[in-house]
Amino acid sequence: MKRRAKHSAAWTFWIDRGGTFTDVIGRDPAGRLHVEKLLTDNPRAYDDAALAGVRRLLNLAPGASIPDGRVASVRMGTTVAAHALRARKGARVLLVTTRGFRDALEIGDQARRDIFALDIAKPEQLYAGVLEVDERVRADGAVERSPDPARLRADLEAAYAEGYRAAAVVFMHGWRHNAHERLVAHMLADVGFTQISASHEVSPSARFVARGGMSVADAYLAPAVEKLAAGFVASTRLSLMTSAGGLAPADMFSGKDAVLSGPAGGVVAMAETARLAGLKKVIGFDMGGTSTDVSHFAG
């Protein structure tokens, strides 16, 4: 006698939020699968495509709150961060860095794909403004200069008055000796900044340019990432696909994790589908409405 598989009393959802369409797959308490396909941007019909798809499958009215206990878990992959980068629709970011290093991220590491190119097109920076702090910590941790709290607070309040709400804090050697970064982060929060990406938390790397770029991207993509979790009740286990191809809880997911969320999910699905079919080498081609992703998997 075969035993029937046990299913949760609540729904489980898998969501692929793309640039053009959002696909929602739901498994009801009886184990049946249901599918909804919606336009990702359709403001006349709904505010968020993922939530709209969930509501439709749960037979809820548009805009209705999802009842506590109706949804057990949601797993989502998205290209929303990648599209925010391409369209330059992220937050207005203030870069807070060590005095003398305001141009370090723009200068970069001098890597050139075409070494003989005469007309070099420099990429647009993701930060809108720079605040230099008169601080310096040496590589061995010795404090050469400490920030002036009064001057620092005045500068941060001025930036807040200019409309900045997101900031990336990147100090020289801050990845290891982070007391100054923590001081500034605390003051930013006290002033009223809602998104603070301190480099020692975002990307604790000794490489200043890489650490700084990652921190700025994290702050820049924060608004897009925040929208992903909005609307789901606290009891819902919401997991988001990271650029590394793994799932992370929503409260541990940040802008830096989201850039390749959608493509990574596609590669994971391709590899698993190939495994089920007995294929060990496979090439993936995902042609979306906004971008096309090509991947190769061989174990």
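Mentor: One term before we start: a contact means heavy atoms within 4.5 Å. Also, this is a predicted model.
Trainee: OK. What share of the contacts with a separation of 6 or more comes from residues 24 or more positions apart?
Mentor: 60% of them, across the protein.
Trainee: And how many helices and strands are there?
Mentor: The secondary structure comes to 10 helices and 14 strands.
Trainee: What are the dimensions of the C-alpha trace?
Mentor: About 75 × 50 × 40 Å along the principal axes.
Trainee: How much of the protein is buried?
Mentor: Of the 299 residues, 40% are buried. The accessible surface comes to about 17200 Å². Carbon and sulfur atoms hold 53% of that surface.
Trainee: Let's pick a residue. Where does V93 sit?
Mentor: In strand β5, which covers residues 93-98.
Trainee: Is V93 buried or exposed?
Mentor: Buried. Its relative accessible area is 0%, and the cut-off for buried is under 20%.
Trainee: What does V93 touch, leaving out residues up to four places away in sequence?
Mentor: Its partners include L126, Y127, A128 and G129. Y164, A166, A167 and A168 are also among them.
Trainee: How far is V93 from D23 in space?
Mentor: 31 Å, C-alpha to C-alpha. In sequence, V93 and D23 are 70 residues apart.
Trainee: New topic: aromatics. How many aromatic pairs does the structure hold?
Mentor: Three. One of them is W11 with F13: the ring centres are 5.6 Å apart and the planes are at 10°, so this pair is stacked.
Trainee: Why does 10° make W11 and F13 stacked?
Mentor: Because planes under 30 degrees apart count as stacked, and the W11 and F13 planes are at 10°.
Trainee: Are W11 and F13 buried or exposed?
Mentor: W11 is buried, with a relative accessible area of 10%. F13 is buried too, at 0%.
Trainee: Now the end of the chain. How do β13 and β14 pair?
Mentor: In the antiparallel sense, over six bridges. β13 is residues 282-287 and β14 is residues 292-297. A hairpin of four residues joins β13 to β14.
Trainee: Which residue in β14 stands opposite D286?
Mentor: D293.
Trainee: Last one, charges. How many positive and negative?
Mentor: The protein has 38 positive and 33 negative charges. Their mean positions are 9 Å apart.

How values were computed. Residues are numbered from 1 along each chain as its sequence is written. This is a predicted model: local features need pLDDT of at least 70, side-chain atom pairs count only at pLDDT 80 or more; totals for chains, interfaces and linings use all residues. Side-chain values use heavy atoms; hydrogens and water are left out. Two strands pair if DSSP finds at least two bridges between them. Helices (H or I, at least four residues) and strands (E, at least two) are DSSP runs, numbered from the N terminus. Buried means under 20% relative accessible area, exposed over 50%, partly exposed in between (1.4 Å probe, protein chains only). Accessible areas come from the Shrake-Rupley method with a 1.4 Å probe; for residues, only the protein chains shown count as cover. Lys and Arg count as positive and Asp and Glu as negative; His and the chain ends are not counted. The place of a charge is taken as NZ of Lys, CZ of Arg, CG of Asp or CD of Glu. Rings of Phe, Tyr and Trp (its six-membered ring) pair if their centres lie within 6.5 Å; planes under 30 degrees apart count as stacked, over 60 as edge-to-face and the rest as tilted.
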